[in-house]
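Please keep the sequence and the three-dimensional view at hand while reading.

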Amino acid sequence: METLQSQVLITSRFEETAERLRQQAEEAGIRLIPILREGSFKVEDVELALEKAYLASEEEQVILLAGETFSEVVQNKLLKVIEEPPPKKSFILLFRSKASVLPTIRSRLPIRVLERESEEEPLELDLANLEIGSVYEFLQRHNRIGASEARKIVERLLKAALASGAYDLDERALDTFRDGVRVLDRGSPGSFVLTAVLLKLLAKRRRKQRRS
């Protein structure tokens, strides 16, 4: 069954997705082994997954891994078993964000996005007319934001900024967004990353020419 092959699924609905996969596995006579974490997926969770993977089994098994964040260390520790899984074992990884998936994982597993962007809430910022005052108010409203929500906002800010045509975003500016996602996966405060990204946008905003 294609949906139970090794892959990365991008979703904000971990429990719902896990239950759907459980039902599909049951119907297909495949054992689903879930390792789901509400917080970060940690190194010890990888060790548990590897222990499950290398246990000999006569039945097909799918090991389902999910967490709010997967650090670079965690993803790198999964590389070998993903690239060369033991017999009758497959891996499905649930990520909140496609940008969080390392290139090394992307090159080894197909990625499917389960939710459409049309479901996103309004950004609460006018990117075409960004000003320091609106940035300050936005940051005040999100001063206790979690890493997962901050990551979504960083991605949406970049998309909206590119679509607006109001910014000179060179590679160094784009790196600010990429680095923001990476440090969020390592546990950096969401408000800190949002501040850095929005200050970069303010610095890169194209100024309108005044008519003489």
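The numbered points below go from the whole chain to selected residues.

1. Basis of the note. This is a predicted model, in which local features need pLDDT of at least 70 and side-chain atom pairs count only at pLDDT 80 or more, while totals for chains, interfaces and linings use all residues. Residues are numbered from 1 along each chain as its sequence is written, and side-chain values use heavy atoms, with hydrogens and water left out.

2. Overall form. The chain has eight helices and seven strands; these are DSSP runs numbered from the N terminus, helices being H or I with at least four residues and strands E with at least two. Along its principal axes the C-alpha trace spans about 80 × 30 × 30 Å. Of the 212 residues, 42% are buried, a term that means under 20% relative accessible area, as against exposed at over 50% and partly exposed in between (1.4 Å probe, protein chains only).

3. Contacts along the chain. A contact means heavy atoms within 4.5 Å. Among the contacts with a separation of 6 or more, 80% are between residues 24 or more positions apart.

4. Aromatic pairs. Two aromatic pairs are present in the structure. Rings of Phe, Tyr and Trp (its six-membered ring) pair if their centres lie within 6.5 Å; planes under 30 degrees apart count as stacked, over 60 as edge-to-face and the rest as tilted. F41 and F70 are stacked, at 5.0 Å centre to centre with 15° between the planes. This pair links distant parts of the chain, since F41 belongs to strand β3 (residues 40-41) and F70 to strand β5 (residues 69-70), 29 residues apart. F41 counts as buried because its relative accessibility is 2%, and F70 does so at 1%.

5. The rings of F70 and F95 are stacked because their centres are 4.4 Å apart and their planes stand at 25°. F70 lies in strand β5 and F95 in strand β6 (residues 89-95), so this pair ties together parts that are 25 residues apart in sequence.

6. Surroundings of F95. F95 has a relative accessibility of 1% and therefore counts as buried. Leaving aside neighbours within four places in sequence, the contacts of F95 include V8, L9, I10, F14 and F70.

7. H142. Where is H142 found? The residue is in the loop between α5 (132-141) and α6 (147-164). H142 counts as buried because its relative accessibility is 14%. A polar atom of the H142 side chain lies 2.8 Å from the backbone oxygen of F138. Apart from neighbours within four places in sequence, H142 is in contact with E124, I153, S191 and L194.

8. Helix α7. How far apart are the end C-alpha atoms of α7? They are 21 Å apart, which agrees with the 21 Å that its 15 residues (171-185) should span at 1.5 Å a residue; the expected span is 1.5 Å times one less than the number of residues. Among the buried residues of α7 are A173, L174, F177 and V181. The cover over the buried residues of α7 includes β5, α6 and α8 (190-204). After α7 comes G187, with a positive phi near 105°.

Definitions and conventions
Polar contact = N/O pair within 3.5 Å; in protein donor to acceptor, adjacent residues only side chain to side chain.
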